[in-house]
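Look at the chain from one end to the other before reading on. The paragraphs below go from the overall layout to single residues.

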Amino acid sequence: MTKHIDNSNEIDRRDFLRTLGKTALAGSALSLFPEYAKAVDADHHAVDYTDHRFWRRIRSEFVLDRRKVYMNVGTTGSTPRKVLNSYRKNNHLVAKDPWDMGDQFGDWPYTTEMADAIAGQFGADAGEIVLSRNTTDGMCTILGGLNLQPGDEVLMTHHEHVAATSPLSILAERSGVIVRELEIPVFPVSEDDFVQVFADAVTANTRLIVFSHITY
């Protein structure tokens, strides 16, 4: 996750970080800006993230053995049933007709239609969704596309994936950006302990905070 900091805005950095940290640690950045569109599921029903029944339905979507806990979220893992079924269907289409894949996507480019279809599930408008080829590609595109200047500061943690550390190293080498690696607490800690690490590190030169909402 990346968060761009605009120090020209009159905002209390500590309050901002406290809110950002708590929502990120809770795994739902959607509640950060409640005025934005509420998230909806694939059937366009409003989602209540405090409803335990919602999470039971989410759990039932996975074929993962319930006796196991799979912690690798960086490469491959247990996939929801609907995704597995769609994956099988698409593999069959590609194998049968590699040229147009059964014309399932319509006219190129099809990414606009895909953004329209998934935006509501993220509580966003279609214009706020960017579909990249993968997470690493998306991270490199964002970090490489920001207009950061020499002396600008980026905060990151010592738990980041190479998809963040590598492009940040390039930024530091090419643009003179200062990348500061913060050591975050491990266990046992409270949400405020995480937030405090960033709150204490933010300076007038801080332009970007990069951290994983689930550590790699």
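Helices (H or I, at least four residues) and strands (E, at least two) are DSSP runs, numbered from the N terminus. By that rule the chain has seven helices and four strands. Read from the N terminus on, their order is β-α-α-α-α-α-β-α-β-α-β. The model is predicted: local features need pLDDT of at least 70, side-chain atom pairs count only at pLDDT 80 or more, and totals for chains, interfaces and linings use all residues. Residues are numbered from 1 along each chain as its sequence is written, and side-chain values use heavy atoms, with hydrogens and water left out.

How much of the chain is buried? The word means under 20% relative accessible area, while exposed means over 50% and partly exposed lies in between (1.4 Å probe, protein chains only). Of the 216 residues, 23% count as buried. The chain exposes about 15,200 Å², and carbon and sulfur atoms supply 54% of that area; accessible areas come from the Shrake-Rupley method with a 1.4 Å probe, and for residues only the protein chains shown count as cover.

Next come the contacts, meaning heavy atoms within 4.5 Å. Among contacts in the chain with a separation of 6 or more, 61% are between residues 24 or more positions apart.

A nonpolar core is a set of buried Ala, Val, Leu, Ile, Met, Phe, Trp, Tyr and Cys residues joined through side-chain atoms within 4.5 Å. The largest one here has eleven residues, including Met139, Val154, Leu168 and Leu208. Helix H5, strand S2, helix H6 (162–175) and strand S4 each supply at least two residues of this core. The largest share, three residues, comes from H6. A second, separate core has seven residues, among them Leu182, Phe198, Val202 and Ile209.

Strand S4 (residues 206–210) is largely enclosed by the rest of the structure, because four of its five residues are buried. Two strands pair if DSSP finds at least two bridges between them. Strand S2 (residues 153–157) and S4 are joined by three bridges and run parallel. In this pairing, glutamate 153 stands opposite threonine 206 in S4.

Side chains of opposite charge can pair when their charged atoms come close. A salt bridge is a side-chain nitrogen of Lys or Arg within 4 Å of a carboxyl oxygen of Asp or Glu, and the count here is five. One of them joins glutamate 153 to arginine 180, with the closest N and O atoms 3.4 Å apart. This pair links distant parts of the chain: glutamate 153 is in S2 and arginine 180 in strand S3 (residues 178–182), 27 residues apart. Glutamate 153 is buried, at 8% relative accessible area, whereas arginine 180 is partly exposed, at 28%.

Another salt bridge joins aspartate 65 to arginine 67, at 2.9 Å between the closest N and O atoms. Aspartate 65 is partly exposed, with a relative accessible area of 25%, and arginine 67 is exposed, with 73%. Asp65, Arg67 and Lys68 are linked in a network of salt bridges.

Finally, aspartate 152 lies in the loop between helix H5 (135–145) and S2. Its relative accessibility is 11%, so aspartate 152 counts as buried. Aspartate 152 touches Val177, Ile178, Asn205 and Arg207, not counting residues up to four places away in sequence.
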